Amino acid sequence: MVVEEISVPDDYRKWDILNNLEVVIPVTFHVRGAVYLENATFIPEDSTEEVRFHVKVVGLLAHHLSGHSASRGVETTGEFRARSRSERTKYYPSHRTGISHRLFAKGQIIMAQTPVDLLIFDLDGTLIESKWDIAHSVNFTLVGLGLPERPIEEIFGFVGDGVKRLLRLAVGEGNQARFEEALRVFRGHYLEHCLDRTTFYPGIEPMLQHFAHKTKAIATNKSIEYTRVILKGLGPQHFGYMVGGDNGLDSSRNPACYCTL
């Protein structure tokens, strides 16, 4: 399944606290649809799901025992495996027709232990800590245009939807006519300084090395030009493929990214 907008209540009073070590936590997410690997097709389905996860603390770790979908009446086990045919018949009546249900009923649950041949990662905020270099280049651009600098934390809030949106927000509503100039100044500075402070998050490089035998790809909003420079500096051997914001795909959350890969 392809999901987004995952929401966990911050108010623990909305959780079902069973005892000092066990709790049931409601998690809501928006289902965009499903990708079928056998024929590389994406079937959209716009729906909202709520899954209630039963979690128990064991030592210093939280162990996931089970999850139950209130909206579809389906359940995943803590063993993360497909159920037997008789169990599936019990939990997944044949009259249910939603994509999420069909995937669960066929044993193709998102947590199932199935062979994985391709690992796809987002870049900024997932593999790398890059916001400091981005913010520095944004303020350099604003100064170059004679505009006031912005607080670093404010610029951090602009990051996430690609450089073009970032710069449109940074220059402000009254200076949109200078966007192209801002883009040119930013490009020149960021290409020179995109590795000043940008690094892999702790644990990322060992993880990538662990999966060295797997094909890995990047799907990012970032321009491929910037992405290549950063990955060349941090570890070009890790990734065989990449798609970016200048591949005609408006977002790394766009399912077309994964079909392109």
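This is a predicted model: local features need pLDDT of at least 70, side-chain atom pairs count only at pLDDT 80 or more; totals for chains, interfaces and linings use all residues.
Colleague: How many salt bridges does the structure hold?
Modeller: A pair counts when a side-chain nitrogen of Lys or Arg comes within 4 Å of a carboxyl oxygen of Asp or Glu. Among the pairs is that of Asp 161 and Arg 165, at 3.7 Å from N to O. The structure's number of salt bridges is six.

Colleague: Which residue forms a salt bridge with Glu 225?
Modeller: Glu 225 is partly exposed, at 31% relative accessible area. Its closest contact in the bridge, N to O, is 2.5 Å. The partner is Arg 187.

Colleague: How many residues apart in sequence are the parts that Glu 225 and Arg 187 tie together?
Modeller: Arg 187 is partly exposed, at 39% relative accessibility. The salt bridge joins Arg 187 to Glu 225. Glu 225 lies in helix 8 (residues 224-234) and Arg 187 in helix 6 (residues 179-193), so the tie links parts whose separation in residues is 38.

Colleague: What distance does helix 6 reach from its first C-alpha to its last?
Modeller: Helix 6 has 15 residues. At 1.5 Å a residue, the expected reach is 21 Å. The model comes close to that, with 21 Å.

Colleague: Within what arc do the buried residues of helix 6 fall?
Modeller: The buried residues are Phe 179, Ala 182, Val 185, Phe 186, His 189 and Tyr 190. An α-helix has 3.6 residues a turn, so residues three or four places apart point the same way. Seen down the axis of helix 6, the buried residues line one face, because they fall within an arc of 125°.

Colleague: Which residues are exposed on the other side of helix 6?
Modeller: The buried face packs against helix 3 (131-144), helix 5 (163-171) and helix 8. To count as exposed, a residue needs over 50% relative accessible area. On the other side of helix 6, the exposed residues are Glu 180, Arg 184 and Glu 192.

Colleague: Which strands stand at the edges of the open sheet of three strands?
Modeller: The order is 7-10-11, and the pairing is parallel. Each edge strand has a single partner, so one side of each is left without a neighbour in the sheet. From one strand to the next, the twist averages 20°. The edges are strand 7 (118-121) and strand 11 (241-243).

Colleague: Which residue in strand 11 is the bridge partner of Ala 217?
Modeller: Strand 10 (residues 215-219) pairs with strand 11 over three bridges. The sense is parallel. The partner of Ala 217 is Tyr 241.

Colleague: At about what angle does helix 8 run to strand 11?
Modeller: Helix 8 lies across strand 10 and strand 11. Its angle to strand 11 is about 145°.

Colleague: What separates the C-alpha atoms of Gln 237 and Lys 216?
Modeller: Gln 237 is found in the loop between helix 8 and strand 11. At 56% relative accessibility, Gln 237 counts as exposed. Lys 216 is 21 residues away along the chain, and the C-alpha separation is 9.8 Å.

How values were computed: Residues are numbered from 1 along each chain as its sequence is written. Side-chain values use heavy atoms; hydrogens and water are left out. Helices (H or I, at least four residues) and strands (E, at least two) are DSSP runs, numbered from the N terminus. Buried means under 20% relative accessible area, exposed over 50%, partly exposed in between (1.4 Å probe, protein chains only). The expected span of a helix is 1.5 Å times one less than its number of residues. The arc is that of the directions from the helix axis to the C-beta atoms. Contact means heavy atoms within 4.5 Å. Two strands pair if DSSP finds at least two bridges between them. Axes are lines fitted to C-alpha atoms, for helices over the stretch in contact, and angles run from 0 to 180 degrees between N-to-C directions.
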